[in-house]
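Morning, everyone. Please have the sequence and the model open on your screens. I'll keep this short.

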Amino acid sequence: MTTRTTRARTAAFAALAAALLHPTTASAAKEPPPPFQPCTAFQPPWLPNAHSHNDYENRRPLCDALFNGHTSVEADIWYVKNIAGKESLQVGHTSPTAGRLDELYLNKLRDVIEHNRRKYGSPTVLPRYYGRFQLLIDIKSTGQEGRRAFELLHQTLRDHYRTVVTRWHDGRKISGRVDVVVTGNRPTNPVIDGWRFVGIDGEASELNGPHRMGRCKRVPLVSSAWTDAYNDPAVLWHLVRTANSRGQYFRVYHADSGAWQKLYDAGVHYIDSGLHPAALRAFLKDKRQVTPPKPCIP
């Protein structure tokens, strides 16, 4: 073997090792983008009836939903206190593993509103969309940690995002671009020191109970998991009509794509994309918005 051949083989092995250790730009481009990047791409039409359940499990939290025109997204949160005593709200379904709530959602919502203000003259979450945009937050922590999670959420919205979210002071509504609603281990009284920054998610059973005037102010949304009973259109129609008459939105979750048409035909306000935002967009994009609830009367 000549010296020239030996050098050529050595160079070839070195090139192979470098390729394995340092992928090419083309290969790196196939990797998913970081989850904290801003959301600046949108694809109309905007879909008032599209909800992104467990949105943080999408490849690009919040951004995938906005790109596909969704007007409601959901994040599960946990109260976490680290060894240094620092408190935070972490996102995740069965454990806090996806990242911080402010990084994944609150900062990005604030930034996208500013981006749209500068680019489109529209300080809204979706360009020139002035309808309702909802951030649904499911508190997973229980007991004292669950209570502290809500207190920390209230404090975070009050101190850093009060110009972004809808809030109430001594019962007076001050509209923002994002309506925050809490579900899961939610408090019975979300008012702290005269301020309220969230609405409460109600349960479907209350739609079969007596109407309490003004409840829609504090409970703007009522949610239910899909059940076999909903295969009967009359059951869904009854719940939707009741919610509409009381000024509340009605959401059904854990329904697969085969049930979307039933939900739409019944007038359900929020249909869950089930981590397939592009598919729900394709289903809804040529359909009319379902009848919204009547205005909430205090």
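What kind of unit do β11, helix α7 and β12 make? A right-handed β-α-β unit, with helix α7 at residues 233-245. Right-handed means this: with the strands pointing away from the viewer, the path from the first strand over the helix to the second runs clockwise.

Before I go on, the ground rules. This is a predicted model; local features need pLDDT of at least 70, side-chain atom pairs count only at pLDDT 80 or more, and totals for chains, interfaces and linings use all residues. Residues are numbered from 1 along each chain as its sequence is written, and side-chain values use heavy atoms, with hydrogens and water left out.

Now the overall picture. The protein chain has nine helices and 13 strands. Helices (H or I, at least four residues) and strands (E, at least two) are DSSP runs, numbered from the N terminus. Of the 298 residues, 46% are buried. Buried means under 20% relative accessible area, exposed over 50%, and partly exposed in between, with a 1.4 Å probe and protein chains only. The chain exposes about 15200 Å², and carbon and sulfur atoms supply 53% of that. Those areas come from the Shrake-Rupley method with a 1.4 Å probe. Take contacts between residues at least 6 apart in sequence: 60% join residues at least 24 apart. Contact here means heavy atoms within 4.5 Å.

Back to the parallel strands. β11 (residues 221-225) and β12 (residues 249-253) pair in the parallel sense over five bridges. Two strands pair if DSSP finds at least two bridges between them. On the other pairing, β12 and β13 (residues 270-272) are also parallel, over two bridges. V252 features in both: S224 stands opposite V252, and in β13 the bridge partner of V252 is I271. β12, helix α8 (residues 260-266) and β13 make another right-handed β-α-β unit.

Next, R251. Where does R251 sit? In strand β12. R251 counts as buried because its relative accessibility is 2%. The R251 side chain makes a polar contact with the side chain of E74, at 3.2 Å. A polar contact is a pair of N or O atoms within 3.5 Å; within protein, one must be able to donate a hydrogen and the other to accept it, and residues adjacent in sequence count only if both atoms are side-chain atoms. Leaving aside neighbours within four places in sequence, R251 is in contact with residues including H51, H53, D201 and Y270.

Now an antiparallel sheet. Three strands form an open sheet in the order β7-β6-β9. The edge strands are β7 (172-174) and β9 (195-196), each pairing on one side only. β6 (residues 167-169) and β7 pair over three bridges. W168 has K173 in β7 as its bridge partner.

Last, the rings. Rings of Phe, Tyr and Trp (its six-membered ring) pair if their centres lie within 6.5 Å; planes under 30 degrees apart count as stacked, over 60 as edge-to-face and the rest as tilted. By that rule there are six aromatic pairs. W226 and Y230 are edge-to-face, 5.8 Å centre to centre with 75° between the planes. W260 and F283 have centres 5.7 Å apart and planes at 50°, so that pair is tilted. This pair links distant parts of the chain: W260 in helix α8 and F283 in helix α9 (residues 277-284), 23 residues apart. W260 is buried at 6% relative accessible area, and F283 is buried at 17%. Ring pairs link W260, Y264 and F283 into a cluster.
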